[in-house]
Amino acid sequence: MMKRYSISTAVKAAFGVGALSLALVGCGGSDGKDGEDGKPGEIAVDINSATAVQTKIESASYDAAAKTLSFEFSLTNPNGVAVTGLEALTDPLRIAFGRMGTRSEAFTPYSLEDGTQVTGRADGDEEIWLSYRNASKNGVPMTGTNNWRPTRDCPEGLSCLSYLGEGRYRVTAPEIIDTNGLDYDYDANRINGIYLITYGVGQNKLKNVEAYYWDPLTEQSVSSPKKVLEMDTCISCHVGQDHIRHGNYGNTADGCGFCHTDYTQYSGSGIDGEGNTVEFNFDGSIKGLVHAVHTGITEGDRRELAKFNSVIANANNPAFTYEFDGAALDSEGNPKAELNFPASTANCQSCHVSYTTTEETLPEGLTAHALAWFGDKDVTSCQSCHGEYHKGSSLVAPGEDGATMVGCVTCHSSQDGITRGGAFRHFAGHEQASSQAASQAGILVGASYSQIAWDETSATLSFTLNLNKGEEAVTSLHVPRVTVYVNAVDAVKPDAYLAARTSGSATANPDGSYTVTVDASKPNYGLPSLAEVIANGADLAITSSFSTCFKNKSSTLVELDGEGNCAGVLSANAAKTEFVKLDGTPGAVRASAVDYDNCASCHNNDMVARKGAAHYRNADVHTCAQCHEAGDYNSLVVRVHGTFGKAHGRADVHQLVSSANCSACHSDLNFGLENARSTPMRWNKGDASYSSPQAGVCASCHVSSSYEIGGGKDAAKSHIESMGGVVAGSYEAAMLNSESCLTCHSAEKVAELHKQN
């Protein structure tokens, strides 16, 4: 049957004109001269309807005579469709403009209290990024970039933002350069650059940033002229745009340097230990801010960092004392709360390229500037962590022209055969002629197990433990104490530890090895004994924890004194868990839903997971689970997800990564309930504290005091229990459950609900 369509009056009229025209032609007549075909209409979306935007600068130039910057860019949605209407908005763009230069160009001479004139820096020729628009605030002359805005800063009578069609725009910025008193100007012989920010545009408040660089002599675009580190090193911890300062206004490795230039200074105030208000200035460069923010495990621990406690907590380095405590100060000048930093203070490798000392071996995209931390060419970079310690601002006075600030680079330089570089000072085992961080040297020690014996009658397990640093034996002469944990996994389905965590006693042998004896007969925490699961054919899981004595500033082993004390530095280590069968051959490896590399991207080799010293070093996820799966502590799932406000449930951790972001730790869809353990999950200390496997995964967040999701934790608990799950019961009850969470909550559904797609 033919469909019928309604034809409007306008269409009927058009149809009639066409028919008449055809009739005239057919009669040999004419309706006049044919006109040109009209241009196709623009395919575009209005800025107020767009849900995401991206810019692409196509060209840029600066007219030195007219003192005007001009550039053209396209604005599209992620599908490449042109976005129109930007020019009609109020304050849609912010533009940073600058060039490469040297520290000497931005140096401002100053006087010391004794009248000494400081006229330069020893690193004055080091390349830095200079802003063409410096800002002043609170009496401090250089507090970042005063971004140029086409609406605010455009001279009256001019149009500085115009639409060119097809999603392309042109910006014209007269008199854009204002260095705020610093003695440098436009330089066509240096790489210039723009940082273009779409600042909350349209009804959906869309954000986007882009860095663009060009060579003024050729007006051709070039790659970033100074890229010290990869942005990936930041976003491995700061997961998502909202978890980097300024959100998407500056979350690129290039963008930060446009405002936080090497010479940026900030002002602040705080309360000292005596209750007095203190005004101070501090380093506002991106380097100085990042070092300051990441220095310390918690505010309290930071003040206890050995010899630095008298350096960091005083006015010589005020950024640490007042600005970056990780918490607001109360009326008495004390932090209201502590912020946990998951990475070790001294682990520069968390961000910087490790052991890459030549330009040829740098990762793609990084420039030679990334090697500067090996050469220690920066007078102040050390001070951003070490303050005034050890003559950090030392001077040399060559003559009548005044003094030059040389600071740490007087000695700490890796140039001309001198290898006292600070980069190497923070590591161990680098085999360079330089000081090493003895506290890190524990990662060089490994453990091996042999001569395993099982006495079924006495339920006693024994084996030999050897510790080695390469070819060198590490013995009781170097190690005060060894702790050994032993558990077991199912040889066929090794998805969980089966028994109560069992400790073994280690006895030193004359040959330097240790004999470890384990009483496997005792069940604990409501869990089966190690002997019971071994009798059922389980494979062993062995983990050793110890500290090794090293000579200070080296990775050289040092023997303990007569009282068993270390005269050097004790470095902690928890060797990776080994899975073996009773005959000593490799055993089944415990399956894990999480990729430990994801954990280690934030929690570096020190595995800083709580207040105090490094929790464990050189560990793996199986080592963590020795305590946090079977034993007297919360299951690892519960501990990490955040029940009772712990770990990723903490508000301060949410500043880095939300607990709802499963893919931050889990790879692919491994967070699905299909990967839940086959054994009960420890909820918390107490007799009735076990949950069934699937229920425990969900309850670790949704039945937590840290969360009020879906109507509250009580509603979530009721829902889980109605589906056969056990939230907090006995081990036996949790083991005999008939939970059906997986029926509805597949991995794909969990991903959808947690917005992983």
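Student: Let's start with Ala-370: where does Ala-370 lie?
Tutor: One thing first: this is a predicted model, where local features need pLDDT of at least 70 and side-chain atom pairs count only at pLDDT 80 or more, while totals for chains, interfaces and linings use all residues. Residues are numbered from 1 along each chain as its sequence is written, and side-chain values use heavy atoms, with hydrogens and water left out. Helices (H or I, at least four residues) and strands (E, at least two) are DSSP runs, numbered from the N terminus. On that numbering, Ala-370 lies in the loop between helix H8 (318-323) and helix H9 (372-375).

Student: Is Ala-370 buried or exposed?
Tutor: The scale runs like this: buried means under 20% relative accessible area, exposed over 50%, and partly exposed in between (1.4 Å probe, protein chains only). Ala-370 has a relative accessible area of 2%, so Ala-370 is buried.

Student: And which residues does Ala-370 touch, not counting residues up to four places away in sequence?
Tutor: A contact means heavy atoms within 4.5 Å. Leu-229 is 141 residues away in sequence, yet 6.5 Å from Ala-370 in space, C-alpha to C-alpha. As for contacts, leaving out residues up to four places away, Ala-370 touches Lys-227, Val-228 and Leu-362.

Student: What about Gly-402: how far apart in space are Gly-402 and Ser-111?
Tutor: Gly-402 belongs to strand S17 (residues 402-405), and with a relative accessible area of 13% Gly-402 is buried. Gln-117, Thr-119, Val-396 and Ala-397 are touched by Gly-402, again not counting residues up to four places away in sequence. Gly-402 and Ser-111 are 291 residues apart in sequence, but C-alpha to C-alpha their separation is 9.7 Å.

Student: Zooming out, what share of the contacts between residues at least 6 apart in sequence joins residues at least 24 apart?
Tutor: The setting is a protein with 20 helices and 28 strands, and buried residues make up 46% of its 757 residues. Taking contacts between residues at least 6 apart in sequence, the share joining residues at least 24 apart is 65%.

Student: How many residues of helix H14 are buried?
Tutor: H14 covers residues 621-628. Its buried residues are Val-621, His-622, Thr-623, Cys-624, Ala-625, Gln-626, Cys-627 and His-628. They pack against several elements, including strand S24 (539-550), helix H13 (596-600) and helix H15 (636-641). That makes H14 mostly covered, with a buried count of eight of its eight residues.

Student: Which residues of H16 are buried?
Tutor: H16 (residues 693-702) is mostly covered too, with seven of its ten residues buried. Among the partners these pack against are H15, helix H17 (713-722) and helix H18 (731-735). The buried ones are Pro-693, Gln-694, Ala-695, Gly-696, Ala-699, Ser-700 and Cys-701.

Student: On to the aromatics: why is the pair of Tyr-62 and Tyr-186 called tilted?
Tutor: Rings of Phe, Tyr and Trp (its six-membered ring) pair if their centres lie within 6.5 Å; planes under 30 degrees apart are stacked, over 60 edge-to-face, and the rest tilted. By this rule there are 19 aromatic pairs. Tyr-62 and Tyr-186 have ring centres 4.4 Å apart and planes at 35°, so the pair counts as tilted.

Student: How many residues apart are the two members of that pair?
Tutor: Tyr-62, buried at a relative accessible area of 13%, is in strand S2 (residues 54-63). Both tyrosines belong to a cluster linked by ring pairs, together with Phe-97, Tyr-132, Tyr-212 and Trp-214. Tyr-186 is in the loop between strand S10 (168-174) and strand S11 (192-201), so the pair links distant parts of the chain, 124 residues apart.

Student: Which residue has its charged end over the ring of Tyr-497?
Tutor: The test is NZ of Lys or CZ of Arg within 6 Å of the ring centre and within 35 degrees of the ring normal. Arg-94 lies over the face of Tyr-199 in this way, 3.3 Å from the ring centre. Over Tyr-497, at 5.3 Å from the ring centre, sits the charged end of Arg-590.

Student: Last one: about how much space lies in the largest cavity?
Tutor: A cavity is a set of points on a 1 Å grid over the protein atoms alone where a 1.4 Å probe fits but cannot get out, and lining residues have an atom within 4 Å of a point. The whole structure has one cavity of 30 Å³ or more, and its lining includes Tyr-497, Glu-629 and Tyr-731. With volume taken as the space filled by probe spheres set on the points, which are joined across faces, edges and corners, the largest cavity holds about 60 Å³.

Note on methods: 1 Å grid on protein atoms, 1.4 Å probe; cavity = no way out; pocket = protein on both sides within 12 Å on 5 of 7 lines; lining within 4 Å.
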